[in-house]
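Reader: Could you take me through this one? I'd like to start with how the chains meet.

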Number of protein chains: 2
Amino acid sequence: MAHGSGGQAGHELMEKILLPAFDNPILREMHDGAKLDLSTNKIAFTTDSYVVKPLFFAGGNIGKLAICGTVNDLAMTGAIAKYISVGMIIEEGFPLKDLQEIVNTMRKAADEAGVYIVTGDTKVVNKGCADGIFINTAGVGERIKGVEISPLKAKAGQNIIVSGYLGDHSATIMASRHNLELPNVIKTDCAPLNHMVKEMLTVAPNIAVLRDPTRGGVAAVLNEIAQQAQVGILLEEDSIPVREEVQGFCDILGFDPLYLANEGKLLAFVDQEDTEKVLATMHKFEYGKNAKVIGKVIDKAIGEVGLRTAIGGIRIVDMPQGEQIPRIC
Amino acid sequence: MAHGSGGQAGHELMEKILLPAFDNPILREMHDGAKLDLSTNKIAFTTDSYVVKPLFFAGGNIGKLAICGTVNDLAMTGAIAKYISVGMIIEEGFPLKDLQEIVNTMRKAADEAGVYIVTGDTKVVNKGCADGIFINTAGVGERIKGVEISPLKAKAGQNIIVSGYLGDHSATIMASRHNLELPNVIKTDCAPLNHMVKEMLTVAPNIAVLRDPTRGGVAAVLNEIAQQAQVGILLEEDSIPVREEVQGFCDILGFDPLYLANEGKLLAFVDQEDTEKVLATMHKFEYGKNAKVIGKVIDKAIGEVGLRTAIGGIRIVDMPQGEQIPRIC
């Protein structure tokens, strides 16, 4: 508990674990707040808390989610993440070696994304009052000039691109939670998408909408956009990329991959004439090499998402009602 | 649990409780991240998580702490808070009426401070995996031009001003936790200090250091500064403002008010010649009306904080070692 205080033990936690792991010139100044000189006064600002269970899983841990999630949320507004804050709530008795591994992973993810962790806070709560560790990150990004992303810009004729296979993250967490064996190929897709997004917006500055299909999956995101923009969306079942192993997992447990959370995927609404060059750009990136068009925006069935099935029928993809998989991120 | 999902129940929580309470033009855009047009590219950025127990106490609740704490952290860097993010981790079964009261309080505190809550995130964890509600806030502020606050600027000859009575917040929480009766005058001092700080920096732009003595109290903050700036600090016991009722409380329970957390107080390191005008400015504000000089920076006893006692001896005020009062904020 003493590690959560403002005193000596709290300083040791900072000085022995957090500051060395996150070290950078801004953090070294040790203010209550970080002083930042941005290259623009047009910024984006976002936050997310992470409560994933288990904390460690194939391909990552809660720390990787916490960095990539916020980097990606900023990217989805057309902004390049620059600075991240980290707030940790730690349960008394949480192993320091686990904390060390988590912060090392966060540093690695921050380096890959090209962001600095510049300010933070640690609270410790009594045994039984939290579940290991919860992490909040907030992020400040610089908006790319000339880019105006908004769900309201979705309009009939645009293609909907997804950046890769759906459901890997959810399948990984579920398998880990229930001690199910999954083939090695299945691990979290958690990844920072900002470098790819920057390139996509360079070749096609008028991409209309960008969204990462996290909690609630593609179904939740597309329903939201259909309702906000008052358009219809039609997906082609044959085009939706799902790994065979994840599909099998879904078939057994009764899940639909369209509702599964992803942590390193994006959906882009792109004009017909930009589609080829956006896809070509995405294919150059590890995190976009399997990108493809999965559907399009239409001017019928306003506010609804439909799926043209393999046999030619159309099924409505509803907004998810309850929690499919709790504590997925 | 469904309220934590990306689906329908989560939308209802947003649309029925959070969005109406926090409503403002930026939040209404409903992006993953808020797009902000600042008046400067020189900003400050900070975060804090709040785990206070109990959640409701005399004079405030966790929501008021969460807004004021981040507003104040920004003020202590010489920045005026503009935008706040809110991340909530809620335990399954937490009463919606308590949540409503907390978010109403947050809105009220945000209005008083003149900040917008522009982006947020809500996670729900199973019963027993959190303790009611934890709230993280992060904040973006615009730095005041010409102001350069840094602990390294503490130097011999400066006066140390405190903005009012010490220990009210800690005494309130402790009393509430142990069902002790305290006189009505004792309630949390939690308050946004940004308006007063702005005025202080207008009359004295070269204030050297500003800090809010939260966890670890005045003792922790001054020890940190003495070590960072390599100066000594000498306090006058007779000058330290503590309410009689709080002092009595400390005497009974064996606490020292210098170590108690405050949530609406600041310490300012001010040049001799600026002291009178800074005090006069502070006295005009409700949250600074009891401001006074409590000590000064000296060039002896480097790295240490001393207290000249009422009978003329000098006692060393150490960095607090463990947790005096856990979950105080």
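Author: Bear in mind that this is a predicted model. Across the interface of chain B and chain A, 26 residue pairs are in polar contact, both residues at pLDDT 80 or more.

Reader: Which elements of chain B supply at least two residues each of the side that touches chain A?

Author: Two helices and a set of strands: helix H1 (8-22), strand E1 (34-37), strand E2 (42-50), strand E5 (79-91), strand E6 (116-125), strand E7 (133-143) and helix H6 (217-229) of chain B.

Reader: And by class, what does that side of chain B have?

Author: There are 32 nonpolar, 29 polar and 17 charged residues on the side of chain B that touches chain A.

Reader: How many salt bridges across the interface?

Author: The rule finds 10 between chain B and chain A. One of the salt bridges joins the side chains of B:Arg143 and A:Asp37, at 2.9 Å from N to O.

Reader: How many residues of each chain are in contact, and what area is buried?

Author: On the chain B side 78 residues are in contact with 78 residues of chain A. The buried area between the two chains is about 5900 Å², and carbon and sulfur atoms give 55% of that.

Reader: Which three residues supply more than any other three of what chain B buries?

Author: B:Asp32, B:Lys35 and B:Phe45, which supply 13% of the area that chain B buries against chain A.

Reader: Strand pairing next. What joins E2 of chain A to E1(B)?

Author: 4 bridges, with strand E2 (residues 42-50) of chain A and E1(B) running antiparallel. Within E1(B), B:Ala34 is the bridge partner of A:Phe45.

Reader: What rotation superposes chain B on chain A?

Author: A rotation of 180°, with 0.0 Å of shift along its axis and an RMSD of 0.0 Å. The two copies are therefore related as by a two-fold rotation axis. Both copies use the same surface, as 100% of the contact residues of chain B recur in chain A.

Reader: Changing topic to the backbone. Is the peptide bond from A:Lys53 to A:Pro54 cis or trans?

Author: That bond is cis, with omega near 0°. A:Pro54 sits in the loop between E2 and strand E3 (56-57) of chain A.

Reader: What about B:Lys53 and B:Pro54?

Author: A cis peptide bond joins them, with omega about 0°. B:Pro54 is in the loop between E2 and strand E3 (56-57) of chain B.

Reader: Where does B:Asn179 lie, and what is its phi?

Author: B:Asn179 is in the loop between helix H4 (168-177) and helix H5 (194-203) of chain B. Its phi is near 55°, a positive value in a residue other than glycine.

Technical notes
Residues are numbered from 1 along each chain as its sequence is written. Chains are lettered from A and ligands numbered from 1 in the order in which they are written. This is a predicted model: local features need pLDDT of at least 70, side-chain atom pairs count only at pLDDT 80 or more; totals for chains, interfaces and linings use all residues. Side-chain values use heavy atoms; hydrogens and water are left out. Contact means heavy atoms within 4.5 Å. Buried area is the accessible area (1.4 Å probe) that two parts lose on being put together, summed over both. A salt bridge is a side-chain nitrogen of Lys or Arg within 4 Å of a carboxyl oxygen of Asp or Glu. A polar contact is a pair of N or O atoms within 3.5 Å; within protein, one must be able to donate a hydrogen and the other to accept it, and residues adjacent in sequence count only if both atoms are side-chain atoms. Ala, Val, Leu, Ile, Met, Phe, Trp, Tyr, Cys and Pro count as nonpolar, Asp, Glu, Lys and Arg as charged, and the others, Gly among them, as polar. Two strands pair if DSSP finds at least two bridges between them. Copies are superposed by least squares on the C-alpha atoms of residues with pLDDT of at least 70 in both.
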